[in-house]
Amino acid sequence: QVQLVESGGGLVQPGGSLRLSCTTSGGILTISTMTWYRQAPGKERELVARLTSRGHTDYEDSVKGRFTISGDIAENTMYLQMSTLKPEDTAVYYCHFRIWGGYEYWGQGTQVTVSS
């Protein structure tokens, strides 16, 4: 079966950068939207950035100007370039693909920790 595989998380100092990656394993999906979510301890999961098959992007307000989502929907790959990281960016980051027809896939999560 198709699964989403994430990588790129780690420990970084405030002001640093990380690049997260997400791709399918086991097949190719017909994707309508590709999204990064994150969940910090004690908080609700929130949308970080989204890329649609029409080329539109959407960002959570606190990451605008610092994070950039990119990817290739046809190849089932996406990235999140994170710059000027802040301690409040610390969370588990999850990739999410929604295919045409409404079925959804989630990655396993990758930990991002921003601390001095």
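Which residues do ring pairs link into a cluster? The answer is Tyr37, Tyr94 and Trp106. Before I go through them, please note that this is a predicted model.

First, the rings. The structure holds three aromatic pairs. A pair of aromatic rings is described by the distance of the centres and the angle of the planes. Take Tyr37 and Trp106: their ring centres are 5.2 Å apart and their planes stand at 45°. Why is this pair called tilted? Planes under 30 degrees apart would count as stacked and planes over 60 as edge-to-face, and the rest are tilted. An angle of 45° falls in that remaining group, so the pair is tilted.

Where do these two residues sit in the chain? Tyr37 is in strand β4, residues 31–39, while Trp106 is in strand β10, residues 104–106. The pair therefore ties together parts that are 69 residues apart in sequence.

Is Tyr37 buried or exposed? Its relative accessibility is 14%, and the cut-off for buried is under 20%, so Tyr37 counts as buried. Trp106 has a relative accessible area of 34%, which makes this residue partly exposed.

Trp106 also forms an aromatic pair with Tyr94. Here the centres are 6.5 Å apart, the angle between the planes is 85°, and the pair is edge-to-face. Tyr94 belongs to strand β9, residues 91–99, and Trp106 to strand β10; the two residues are twelve apart, and the pair links distant parts of the chain. Tyr94 counts as partly exposed, at 23% relative accessibility.

Next, the arginines. What lies over the face of Tyr37? That is Arg45, at 5.3 Å from the ring centre. Elsewhere, the ring of Tyr79 has the charged end of Arg19 sitting over it, 3.9 Å from the ring centre.

Last, the sheet. Four strands make up an open sheet, in the order β1-β3-β8-β7, with antiparallel pairing. Which strands are at the edges? They are β1, residues 3–7, and β7, residues 67–72, and each of them pairs on one side only. From one strand to the next, the twist averages 15°.

Looking at one pairing in detail, β1 and strand β3, residues 18–25, run antiparallel and are joined by five bridges. As an example, Gln3 has Ser25 in β3 as its bridge partner.

To come back to the opening question, the cluster consists of Tyr37, Tyr94 and Trp106, linked by ring pairs. That is the end of my part.

Key. Residues numbered from 1 in each chain as written. Predicted model: local features only at pLDDT ≥ 70, side-chain atom pairs only at ≥ 80, totals over all residues. Heavy atoms only, no water. Phe/Tyr/Trp six-rings, centres within 6.5 Å; stacked < 30°, edge-to-face > 60°. Buried < 20%, exposed > 50% of the residue type's maximum accessible area, 1.4 Å probe, protein only. Lys NZ or Arg CZ within 6 Å of the ring centre and 35° of its normal. Pairing = 2+ DSSP bridges. Axes fitted to C-alpha atoms, helices over the stretch in contact; angles between N-to-C directions.
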